[in-house]
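Student: I am new to this structure and would like to learn how to read it. Could you guide me through its parts?

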Amino acid sequence: MSPRKDERSRLITLHPEINIGRLAAEYPLATKVFARHGIDFCCGGGRPLREVCREQDLNADEILEEIGRETAQKTASAERWDHAPLGDLIIHILAAYHRPLDEELPRLEALSRRVLEVHRDKQPEMLSELVSVYAGLKADLEDHMGKEEEILFPMIRQGQGMMADGPIAMMEEEHELAGAALKRLRELTNGYQVPEEACNSWRALWQGLAWLEESLHQHIHLENNILFPRALEE
Ligand SMILES: [Fe+2]
Ligand SMILES: [Fe+2]
């Protein structure tokens, strides 16, 4: 199940006027560079790199150089999906992102409640907000993935992606909400820096949430920047 490699997969030239989502689709390792600098490549992928860098006080040329360096040291995670058959991309999204969440979302919920219970006295406001933001995100994601699996993905697999503009717009809106919840979790946890007084459960929770953020950013990027636009075109 690897992306098809043919003459269409020649890389675009790295350029600051190219949209972030396109850079992420064609240079998968660019997502590592974007994550490192806090550049939103999933929901905010529709904007040119130069514009976003200007806003965030970053140097677009340096970011491009970094992408070039990452790409030069190729790894297995550099798989490109922008020209793979859509059915293969859907199978990849389900296996790499949806199925792991079936187990991870409830595990993190139990862990977050345990940390709140035990450490309520230490940082009560932060921990209670974290538990409630996380519970909302979990419920939304479970509902969202159910809709993708039962309605949208079957439509795309049957070649009806062109008629899926309504469901796709709804999924994109829900991605925005998930992105906002992740942002709030990052603020509450101070960028997942483990506090000194943290016990093992607390550490495991921070690690699990940081994994969730990284995984969801990649997951949403593949849907927003590759799967959905291609399905609408086919
Ligand atoms: Fe998904
Ligand atoms: Fe999604």
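Tutor: Gladly! Let us begin with a term: two residues are in contact if their C-beta atoms, placed from the backbone, lie within 7 Å. Keep in mind that this is a predicted model.

Student: Into which domains is the protein chain divided?

Tutor: There is domain 1, covering 7-78, and domain 2, covering 86-233. Their C-alpha centres lie 22 Å apart.

Student: How many residues of each domain are in contact?

Tutor: Nine residues of domain 1 are in contact with eleven residues of domain 2. On the side of domain 1 that touches domain 2, the elements giving two or more residues are α1 (20-26) and α2 (30-36). The largest share, three residues, comes from α1.

Student: Which classes of residue make up that side of domain 1?

Tutor: By class, six are nonpolar, three are polar and none is charged.

Student: Now for helix pairs. At what angle do the axes of α7 and α8 cross?

Tutor: The axes of helix α7 (residues 165-188) and helix α8 (residues 200-233) cross at roughly 160° and come within 11 Å. Angles over 145 degrees count as roughly antiparallel, so α7 is roughly antiparallel to α8. The crossing of α7 past α8 is left-handed.

Student: Which residues make the contact between these helices?

Tutor: From α7 they include I168, M171, H175 and L182; from α8, L209, E213, I220 and F228 are among them. By class, the contact of α7 with α8 has ten nonpolar, three polar and five charged residues.

Conventions: Residues are numbered from 1 along each chain as its sequence is written. Chains are lettered from A and ligands numbered from 1 in the order in which they are written. This is a predicted model: local features need pLDDT of at least 70, side-chain atom pairs count only at pLDDT 80 or more; totals for chains, interfaces and linings use all residues. Axes are lines fitted to C-alpha atoms, for helices over the stretch in contact, and angles run from 0 to 180 degrees between N-to-C directions. Helices (H or I, at least four residues) and strands (E, at least two) are DSSP runs, numbered from the N terminus. Angles under 35 degrees count as roughly parallel, over 145 as roughly antiparallel, 65 to 115 as roughly perpendicular and the rest as oblique. A crossing is left-handed if the near helix is turned anticlockwise from the far one by less than a right angle, and right-handed if clockwise. Ala, Val, Leu, Ile, Met, Phe, Trp, Tyr, Cys and Pro count as nonpolar, Asp, Glu, Lys and Arg as charged, and the others, Gly among them, as polar. Domain bounds come from an automatic or database domain assignment.
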